[in-house]
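Please look over the sequence and the model shown here before reading on.

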Amino acid sequence: MRSKAVTGKMLASFYAADALVRVIDRNNPPSKPREIRGRAAISTFWDDICSRAMTHKVDTTIADGNNLAFTQACSYPDGTKVFCAAMLELKDGQIARQTVVQAWDE
């Protein structure tokens with residue numbers, strides 16, 4: 001089993017050094033999205049997500065040139081559901097920009 005730090009670092013390795021991840025959700029509206037800049041910050045972001053007791057299932061993926069989109073359904077052990085739609089822009093084989101729009105049960 002991999003540690004959460006290795007998983008976050010591994011996922012962050014897919015991103016360009018100066019990549020930007022934008023998160024839009026209830027707490028981060030479109031006019032003020034959460035912005036995570038750079039591979040180190042993105043690694044920390046993934047470490048947090050990977051440390052949670054939850055399942056992730058990618059449902060739909062679409063690829064077009066240097067663009068990739070997917071939807072993801074997640075569940076916590078208590079039954080709380082999260083839905084995510086992500087759009088990625090690739091440059092030189094790495095993720096340069098990613099926008100995540102997510103909603104969860106409250």
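This is a predicted model: local features need pLDDT of at least 70, side-chain atom pairs count only at pLDDT 80 or more; totals for chains, interfaces and linings use all residues.

Residues are numbered from 1 along each chain as its sequence is written, and side-chain values use heavy atoms, with hydrogens and water left out.

The mean pLDDT (the predictor's confidence in each residue, from 0 to 100) is 91 for the protein chain, and 94% of its residues reach 70 or more. Over residues 1-5, however, the pLDDT is below 50, and this stretch has six contacts in the model (heavy atoms within 4.5 Å) beyond near neighbours in sequence.

Helices (H or I, at least four residues) and strands (E, at least two) are DSSP runs, numbered from the N terminus. Six strands form an open sheet with mixed pairing, in the order S2-S1-S6-S5-S4-S3, where two strands pair if DSSP finds at least two bridges between them. Strand S2 (34-37) and strand S3 (55-64) are the edge strands, each pairing on one side only, and the twist from one strand to the next averages 15°. S3 runs antiparallel to strand S4 (residues 67-75), to which nine bridges join it; Ile-62 has Ala-69 in S4 as its bridge partner.

Helix H2 lies across strand S1 (15-24), S2, S3 and strand S6 (94-104), and runs at about 50° to S1; such angles run from 0 to 180 degrees between N-to-C directions, with axes being lines fitted to C-alpha atoms, for helices over the stretch in contact. Ser-43 belongs to H2 (residues 39-50) and, leaving aside neighbours within four places in sequence, is in contact with Gly-8, Lys-9 and Ala-12.

| Residue | Relative accessible area | Class |
|---|---|---|
| Ser-43 | 15% | buried |
| Cys-50 | 29% | partly exposed |
| Cys-74 | 7% | buried |
| Asp-92 | 75% | exposed |

Asp-92 is in the loop between strand S5 (81-91) and S6. Most residues other than glycine have a negative phi, yet Asp-92, which is not a glycine, has a positive phi of about 55°.

How many disulfides does a search of the whole structure find? The search finds zero, a disulfide being a pair of cysteine sulfur atoms within 2.5 Å. The sulfur of Cys-50 is too far for a bond because the closest cysteine sulfur, in Cys-74, is 11 Å away. Cys-74 is likewise in no disulfide, and the nearest cysteine sulfur, that of Cys-84, is 6.8 Å away.

Note on methods: Buried means under 20% relative accessible area, exposed over 50%, partly exposed in between (1.4 Å probe, protein chains only).
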